[in-house]
Amino acid sequence: MKRHLACASAVLMAALTGCGIGTTGPAAAGPPASGLREPGSVAAYAQLYFVSPIGVQAVARRVSSPAGPQQALDLLLAGPDAAERARGLITEVPPMPGRPTATAESGAVDLYLPVPVAKMNGGGLGVTQLVCTAANAEVPGGKQPPAVDVRVHEAGTPGIWTVRCNAAGNVLPVPSPSEAGP
């Protein structure tokens with residue numbers, strides 16, 4: 001019994017002395033989180049995609065009214081603002097002889113590139129930025145962004161290819177009806 005009492009006393013003493021962390025007060029932890037929309041917010045935002053050290057990252061940019069695909073692309077092409085650059089965000093959309101344009105219809109966006117993707121320096125991430133920004137804009141038809149078809153038209157290249165931007169910011173091809181199966 002004495003042994004149990006001694007053990008209980010030791011546990012009680014350890015609990016009363018704390019865990020060894022002194023009082024330090026608040027510590028600076030960097031800037032507040034940004035890029036996410038406030039719950040219940042009625043303000044309009046354009047969701048733009050920039051490149052960070054860990055990959056493509058979405059940022060919410062406040063706009064005066066819901067941004068369609070072209071307005072969102074224009075904001076993207078202007079590049080990251082000072083706060084976004086301070087967070088390490090950059091663009092991989094290369095300078096082009098002309099401007100990418102986008103038009104929307106029910107559940108889809110037609111993205112017109114002034115050059116073939118193969119001729120875009122660092123085209124992969126830049127194309128991802130363009131596609132995901134267009135897909136996450138205000139598109140008629142009520143589809144969620146991962147279900148919006150983005151039809152990419154490359155200048156000087158026949159045909160179009162259709163992709164979608166998933167919730168993680170990855171561009172995936174949309175299978176043709178014959179590939180989708182029964």
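Which residues of α2 are buried? In this predicted model, P69, Q70, A72, L73 and L76 of α2 are buried, where buried denotes under 20% relative accessible area, exposed over 50% and partly exposed in between, computed with a 1.4 Å probe on protein chains only. These residues cover an arc of only 160° around the axis, so they lie on the same side of α2, the arc being that of the directions from the helix axis to the C-beta atoms. Helices (H or I, at least four residues) and strands (E, at least two) are DSSP runs numbered from the N terminus. The helix α2 lies across β3 and β4 and runs at about 150° to β3; axes here are lines fitted to C-alpha atoms, for helices over the stretch in contact, and angles run from 0 to 180 degrees between N-to-C directions. Just after α2, G79 takes a positive phi of about 90°.

Because the model is predicted, local features were required to have pLDDT of at least 70 and side-chain atom pairs were counted only at pLDDT 80 or more, whereas totals for chains, interfaces and linings use all residues. Residues are numbered from 1 along each chain as its sequence is written, and side-chain values use heavy atoms, with hydrogens and water left out. The mean pLDDT of the protein, the predictor's confidence in each residue on a scale from 0 to 100, is 82, and 73% of the residues reach 70 or more. Over residues 4-22 the pLDDT is below 50, and this stretch has zero contacts in the model beyond near neighbours in sequence, a contact meaning heavy atoms within 4.5 Å. Where pLDDT is low, the predicted coordinates should not be read in detail.

Five strands form an open sheet in the order β3-β4-β5-β6-β7, with mixed pairing; two strands are taken to pair if DSSP finds at least two bridges between them. Strands β3 and β7 (171-173) stand at the edges with a single partner strand each, so one side of each is left without a neighbour in the sheet. On average, neighbouring strands of this sheet are turned by 30° against each other, direction ignored.

Within this sheet, β5 is joined to β4 (residues 108-113) by six bridges, the two strands running parallel. Along this pairing, D110 has R151 as its bridge partner in β5, and L111 has V152. With β6, β5 pairs in the antiparallel sense over four bridges, and V150 has V163 as its bridge partner in β6. The strands β5 and β6 form a hairpin with five residues between them, and G156 in the turn has a positive phi of about 75°.

In a regular strand the side chains alternate between the two faces of the sheet. In β5 both faces are covered, with D149, R151 and H153 buried on one side and V150, V152 and E154 buried on the other; six of the six residues of this strand are thus buried. One of them, H153, is buried with a relative accessible area of 17%. Not counting residues up to four places away in sequence, H153 touches D110, L111, Y112, L113 and I160.

Side chains of opposite charge can pair when their charged atoms come close. A search of the whole structure finds six salt bridges, each defined as a side-chain nitrogen of Lys or Arg within 4 Å of a carboxyl oxygen of Asp or Glu. Two of them involve residues of β5. In one, the side chains of E105 and R151 meet at 3.2 Å, N to O; this pair links distant parts of the chain, with E105 in strand β3 (residues 101-105) and R151 in strand β5 (residues 149-154), 46 residues apart. Here E105 is partly exposed at 42% relative accessibility, whereas R151, at 19%, is buried. In the other, R164 forms a salt bridge with D149, the closest N and O atoms being 2.6 Å apart. Since R164 lies in strand β6 (residues 160-165) and D149 in strand β5, the pair ties together parts that are 15 residues apart in sequence. R164 is partly exposed, with a relative accessible area of 29%, and D149 is buried at 18%.

A further salt bridge joins R61 to D81, with the closest N and O atoms 3.7 Å apart. This pair also links distant parts of the chain, R61 being in strand β2 (residues 55-63) and D81 in the loop between α2 (69-77) and α3 (82-86), 20 residues apart. R61 counts as buried at 15% relative accessibility, and D81 as partly exposed at 30%. Salt bridges that share partners join R61, D81 and E84 into one network.
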